Amino acid sequence: MKSLDIHKSEYLKQFETQTYGRNLFRTQEEERLDAPNEECGIFGMYSDNDLDTFSLSQFGLFALQHRGQEACGISVLKDGKITNMKDEGLVLDVYKEIQDPETFMGNSAIGHTRYTTAGDKKKYNFQPFFAKNEYDQIILSIAHNGNLTNAKELKQELEAEGVVFRATSDSEVILRLIQKNLDLGLRGAIKATMEKIEGAYSVVGMTRNKFFAFRDFNGIRPLVLGAINENSYVVASESVALDAVGAQYVRDILPGEIIYTNENEPGKLHSIMVDEAKAKQRICSFEYIYFARPDSSLENINVYEIREKSGEKIWEQAPVEADVVIGVPDSGVPAAIGFSKASGIPFRPVLIKNRYIGRSFIVPTQEMRERVVNLKLNPIISEIKDKRVVIIDDSIVRGTTSKRLVKILKDAGVKEIHFRSVSPPIIAPCYLGIDTPSKDDLISANMTTEQLRDYLGVDSLEFLSTENLKVILGSANHCFGCFTEEYPVGKGEEVELFN
């Protein structure tokens, strides 16, 4: 039996070269139906000298691939000219479409990996978004992570003023507001925009001579700052993107903060707080449980450590006699290791991943879609047959994936199954940048824990309590909306943002 430290090391090392996959039991279809999907990953870099922005932006976005696998795009500033490229697909596939990498080598770049939250899946909604002048030159480009709750009314106001929208995404509202106010200067335009928009937003962007980034007043979506050297800076959704380009973590961008460059002082980064009285720390708690890569740190809190502590804490909350602890790859593994550490019950990585399988299986029947799961993950039956097993998962959303997992374990001859979720019950949708099912489709909003235990067919079922989650995180200064239905900002209209 390997030590838990070795398991941890092997677990984390794999993500240096492979895309992080949260719950590998989910089929591609179920990633949309039975999981909360992350909204986006954003990346930006600036230097007063030319960089290999083509390669470095590719590395940074690859490290954020788990935050969006629908589309990818970049904008690069070179010699005062902004060039944009975006397309459907994974990061490496989109970059392969670039015929002349030299075109995308400059002194600044921003990039985006996308899941759909607001707006449909058409190419005109892929990011970065950009605005042009009358000479058909790009003068402004942004990438946005989050969701605006007042986008519809702002869009209507702008359209009444004659602003033309090209897409159906709330992110374009941010772009058009900045563009509209550029006569105030870049800093003034961003400040005016932040005073109008509501919701969750972390944004990176560029003009033809400036780089900038800003974050909403509650800091709901993450945004970190790093430095390659004293004149080269990187901004990203997670610290792993800094690691991928050889940048050192400096700090998290503060809620309500704008950072920006000035063409008169090349290489120097400036900062301003828009309204300190409005600024609060309310980062999404689900980032730590589920969304962020385990080797990331957000707000100086290491994600892996939080997940391992969640396993320890749920053992304290709901101990059980068992023979083996297993975690659902990839996101359930750290918690399973923590549960094992606290309980003394051996951890076994018995769900074996096929590392050569892609996401591209196209199968016409439900029966065949079920079999795809067994191609992705297969249990070592000898490790669990006739044994009492604790299965640790990050969350239960609709319950269909969890039910299938239970069936696979029963088919393998498990004697008892004790299910532990290291997130509290998800009882409400997110309106702040996470693509969650409606309340009618959230199983914990419609069943008691006892009813859900019977539905899954397990011997026991426990969720980490919200209070224990606060203990693990070290404070209540987070957004817990999907667990409590209490949000740091108003949720806005429960309608499509754009018709």
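Which residue lies over the face of tyrosine 455? In this predicted model, that residue is lysine 403, placed 4.4 Å from the ring centre. A charge is taken to sit over a ring if NZ of Lys or CZ of Arg is within 6 Å of the ring centre and within 35 degrees of the ring normal. Lysine 278 also lies over a ring face, that of phenylalanine 217, with 4.2 Å to the ring centre.

Residues are numbered from 1 along each chain as its sequence is written, and side-chain values use heavy atoms, with hydrogens and water left out. Because the model is predicted, local features need pLDDT of at least 70 and side-chain atom pairs count only at pLDDT 80 or more, while totals for chains, interfaces and linings use all residues.

Aromatic pairs come next. A pair of aromatic rings is described by the distance of the centres and the angle of the planes. Rings of Phe, Tyr and Trp (its six-membered ring) pair if their centres lie within 6.5 Å; planes under 30 degrees apart count as stacked, over 60 as edge-to-face and the rest as tilted. By this criterion the structure holds 13 aromatic pairs. In one of them, the ring centres of tyrosine 11 and tyrosine 304 are 6.2 Å apart and the planes stand at 50°, so the pair is tilted. Tyrosine 11 belongs to helix 1 (residues 4–13) and tyrosine 304 to helix 10, so this pair ties together parts that are 293 residues apart in sequence. Helices (H or I, at least four residues) and strands (E, at least two) are DSSP runs, numbered from the N terminus. Both tyrosine 11 and tyrosine 304 are buried, where buried means under 20% relative accessible area, exposed over 50%, and partly exposed in between (1.4 Å probe, protein chains only). Another pair brings together tyrosine 201 and phenylalanine 214, with centres 6.0 Å apart and planes at 65°, so it is edge-to-face. Here tyrosine 201 is in strand 7 (residues 199–207) and phenylalanine 214 in strand 8 (residues 211–215), so the parts tied together are 13 residues apart in sequence. Tyrosine 201 and phenylalanine 214 are buried. Ring pairs also link Tyr11, Phe15, Tyr20 and Tyr304 into a cluster.

Helix 10 (residues 303–317) also holds serine 310. With a relative accessibility of 6%, serine 310 counts as buried. Apart from neighbours within four places in sequence, serine 310 is in contact (heavy atoms within 4.5 Å) with Ala335, Val422, Leu464 and Ile472.

Turning to annotated positions, the unreviewed UniProt entry lists Cys40 under "active site". UniProt positions are given in the numbering used here, feature names are shortened, and annotations may be inferred rather than shown by experiment. Cysteine 40 is placed in strand 1 (residues 40–47), and its relative accessible area of 4% makes it buried. With neighbours within four places in sequence left aside, the contacts of cysteine 40 are Arg67, His112, Thr113, Arg114, Tyr115, His144, Asn145 and Ser237.

Under "binding site", the unreviewed UniProt entry lists Ser331, Asp393 and Asp394. These positions are spread over 64 residues of sequence, yet they cluster in space, with a largest C-alpha distance of 7.4 Å. Serine 331 is located in the loop between strand 17 and helix 11, and at 2% relative accessibility serine 331 counts as buried. A polar contact of 2.3 Å joins the side chains of serine 331 and aspartate 394. Such a contact is a pair of N or O atoms within 3.5 Å; within protein, one must be able to donate a hydrogen and the other to accept it, and residues adjacent in sequence count only if both atoms are side-chain atoms. Aspartate 393 lies in strand 20 and is buried, at 2% relative accessibility.

Asparagine 300 has a positive phi, near 65°, in a residue other than glycine, and at 63% relative accessibility asparagine 300 counts as exposed. Aspartate 386 likewise has a positive phi, near 65°, and counts as exposed at 55% relative accessibility.
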